[in-house]
Amino acid sequence: MIQKKLDVLAQMNDAYWAMPFPRGFRGLDVEDQDMVMLDADTAGYVSRVLKGPLPEPFREGLIGLVGVFERVLPAISDEYAIRYYTQARDVAVLAAEIEAMRGR
């Protein structure tokens, strides 16, 4: 079951990284969140999840990252950026689900 989710995560992650970064979002903070760092954090966590289980502090960080998306997404008005960061959130959420399954 986890392997199937990992395969889906890899596909979703590839689709996410194929999307260009939203114009005007470099150096932009939304709800006190640097949008480039949000992107980078997502990449880091997902990459680690695809390689194997996360150590506990990283699991907590991934859960926190999902919470950041829930705070930031409603504050974005650019349509493309909403699609981009929604895809990023979806990848992060699936990574968190996989980690929760691993932690059982």
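Author: What follows goes from the chain to a helix to a side chain. Keep in mind that this is a predicted model.

Reader: Which secondary-structure elements does the protein chain have, and in what pattern?

Author: Count first, then read along the sequence. The protein chain has 4 helices and 2 strands. Their pattern is α-β-β-α-α-α. The radius of gyration is 13 Å, close to the 13 Å that the globule rule gives for 104 residues, so the chain is as compact as a globular protein of that length.

Reader: What box do the C-alpha atoms fill? How much of the chain is buried?

Author: Along the principal axes, the box is roughly 40 × 25 × 20 Å. Of the 104 residues, 40% count as buried. Now the contacts: among those between residues at least 6 apart in sequence, 74% join residues at least 24 apart. For the surface, the chain exposes about 5900 Å², with 54% supplied by carbon and sulfur atoms.

Reader: What does D78 reach at the start of α4?

Author: A side-chain oxygen of D78 comes to within 3.3 Å of the backbone nitrogen of Y80.

Reader: Is Q87 buried or exposed? Which residues does Q87 touch?

Author: Compare the accessibility with the cut-off: buried means under 20%. Q87 lies in α4. Its relative accessibility is 19%, so Q87 counts as buried. Leaving out residues up to four places away in sequence, Q87 touches M12, A15, Y16 and M19.

Key:
Residues are numbered from 1 along each chain as its sequence is written. This is a predicted model: local features need pLDDT of at least 70, side-chain atom pairs count only at pLDDT 80 or more; totals for chains, interfaces and linings use all residues. Side-chain values use heavy atoms; hydrogens and water are left out. A polar contact is a pair of N or O atoms within 3.5 Å; within protein, one must be able to donate a hydrogen and the other to accept it, and residues adjacent in sequence count only if both atoms are side-chain atoms. Buried means under 20% relative accessible area, exposed over 50%, partly exposed in between (1.4 Å probe, protein chains only). Contact means heavy atoms within 4.5 Å. The radius of gyration is taken over C-alpha atoms; the globule rule is 2.2 Å times the number of residues to the power 0.38. Accessible areas come from the Shrake-Rupley method with a 1.4 Å probe; for residues, only the protein chains shown count as cover.
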